[in-house]
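Visitor: Hello! I am new here, and I would like to be shown around. Could you put the structure up for us?

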Amino acid sequence: EPSLHYYNRLNLFRNAFGIAFDIDGVLIRGNETIGRAPDALRRLYKDVERGELLVPYIFLTNGGGTTEAARAVVLTRQLKVPVNPIQVLLGHTPFKSFAKRYRSRRVLAVGKGDPAKAMTSYGFPKVVKMEDFYKEFPHIDPLESFKPWVKNETIPTDMHTPANERQIAAVFVCSDPVDWGGDLQVLCDVLRSGGLPGNVDSNIPQPPIFFAADDFEYPAKFPVPRFGMGAFRIALETLYVKLTKRPLAFTSFGKPKPIVYHLAGKSLHNIARMMHLQDKMLLPSTETSTASTLELPEPREEDPPLKTLYMIGDNPETDIAGAIRVGRPWFSILVRSGYFRGTGNHDKYPADKVVDDVYEAVDFILKREG
Ligand code: G3P
Ligand code: MG
């Protein structure tokens, strides 16, 4: 059958398939790799040195705070395989689709790392990061003098800049907020003033707020999981409702949202097509890679679909729940190396397969497909 031959010429497997790897709790914990993660990934290359893939795979994380290109560089160093930016899907990667909507309006980027850089790389022309936004509003944070890390330099408000240019049209929470106390205060100010802190007007509509993910907790280096973006969202929502007596209108992305799996499937499909068309390696990423590497062609009608898409994750409520919700061709594999530590399967969101770690997961896939 020609359609199978199309992929199998390179894949050497019976069926065409792709793999999406969750990062935290599967491949990395803190800054260190988990178990034999690098060995597991090496098995997906025909030639690791040349970056020539045998199996299309991507990283599908709810984390973020960098550009995809910068994260690819870090992953390359940590996992010792050449990672291309097109293989990196962060929690905020779907924000790219909003760049046109906000092409002439100012947006606020919140979270650890450099979320404004990521937003700018997506094509948002007017992005201000939370740390800089604070400085436009003297005395907005009465606790600032107790925060030794805050540089005490107030940007004087330019009275000639029209309010509609300083106004925030939408908030994008890209990665875990660092200074919860200050950020909660300023976000409540933004949301109940129609985007320009300093007044309260219940007649002005609340600006949209988007969250890259909604993870309540995630495993970090500490023995007990840490609060994630979902916990921050609950804190913000609680305060906003108490303040305004109105519900908070928000949209969150990240696993387990179906759109993320559709985007992931599209990426895997395109990587498989590139493997076929180019018949050569995916080049190792560099810091200079730009967002244009994210511009993947739409899958074509005539492309045969990947028959199985594997999701390897450690969190039943995000990684596995999402794969269950979108159904086939997704096949979920739950690992015990991160958030989930149970001996059997998860009660509410049982995975198709449960294994100890990512090496075992890849081994299972290659045997099942081989
Ligand atoms: O902040 C949550 C994030 O660390 C979860 O990452 O890779 O497990 O989706 P991941
Ligand atoms: Mg995880």
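Visitor: Which residue has a polar backbone atom 3.1 Å from an oxygen atom of ligand 1?
Guide: Welcome! Please keep in mind that this is a predicted model. Ligand 1 is surrounded by several residues, among them Asp22, Asp24, Thr61 and Lys255. The backbone contact at 3.1 Å, to an oxygen atom of ligand 1, comes from isoleucine 23.

Visitor: How much of the accessible area of ligand 1 does the protein cover?
Guide: Taken on its own, ligand 1 has 300 Å² of accessible area. The share of this that the protein covers is 92%.

Visitor: What kind of atom does aspartate 24 place 2.5 Å from an oxygen atom of ligand 1?
Guide: Let us compare two neighbours of the ligand. Asparagine 62 has a backbone N or O atom 2.8 Å from an oxygen atom of ligand 1. For aspartate 24, at 2.5 Å, the atom is a polar side-chain atom.

Visitor: Which residues are the protein donors of the magnesium ion (ligand 2)?
Guide: Their spacing in sequence is D-x1-D-x289-D. The donors lie 2.1 Å from the ion, and they are Asp22 (OD), Asp24 (O) and Asp314 (OD).

Visitor: How many residues apart in sequence are the parts that aspartate 22 and aspartate 314 tie together?
Guide: Aspartate 22 sits in the loop between strand E1 (17-21) and strand E2 (28-29). Aspartate 314 belongs to the loop between strand E15 (308-313) and helix H10 (316-326), so the parts that the pair ties together are apart in sequence by 292 residues.

Visitor: Is aspartate 314 buried or exposed?
Guide: Buried means under 20% relative accessible area. Aspartate 314 has 2%, so it counts as buried.

Technical notes. Residues numbered from 1 in each chain as written. Chains lettered and ligands numbered in written order. Predicted model: local features only at pLDDT ≥ 70, side-chain atom pairs only at ≥ 80, totals over all residues. Heavy atoms only, no water. Donors = N, O, S within 2.8 Å, 3.2 Å for Na, K, Ca; no water. Helix = DSSP H or I, 4+ residues; strand = E, 2+ residues; numbered from the N terminus. Buried < 20%, exposed > 50% of the residue type's maximum accessible area, 1.4 Å probe, protein only. Near = heavy atom within 4 Å. Polar contact = N/O pair within 3.5 Å; in protein donor to acceptor, adjacent residues only side chain to side chain. Areas by Shrake-Rupley, 256 points an atom, 1.4 Å probe, with all protein chains shown as cover.
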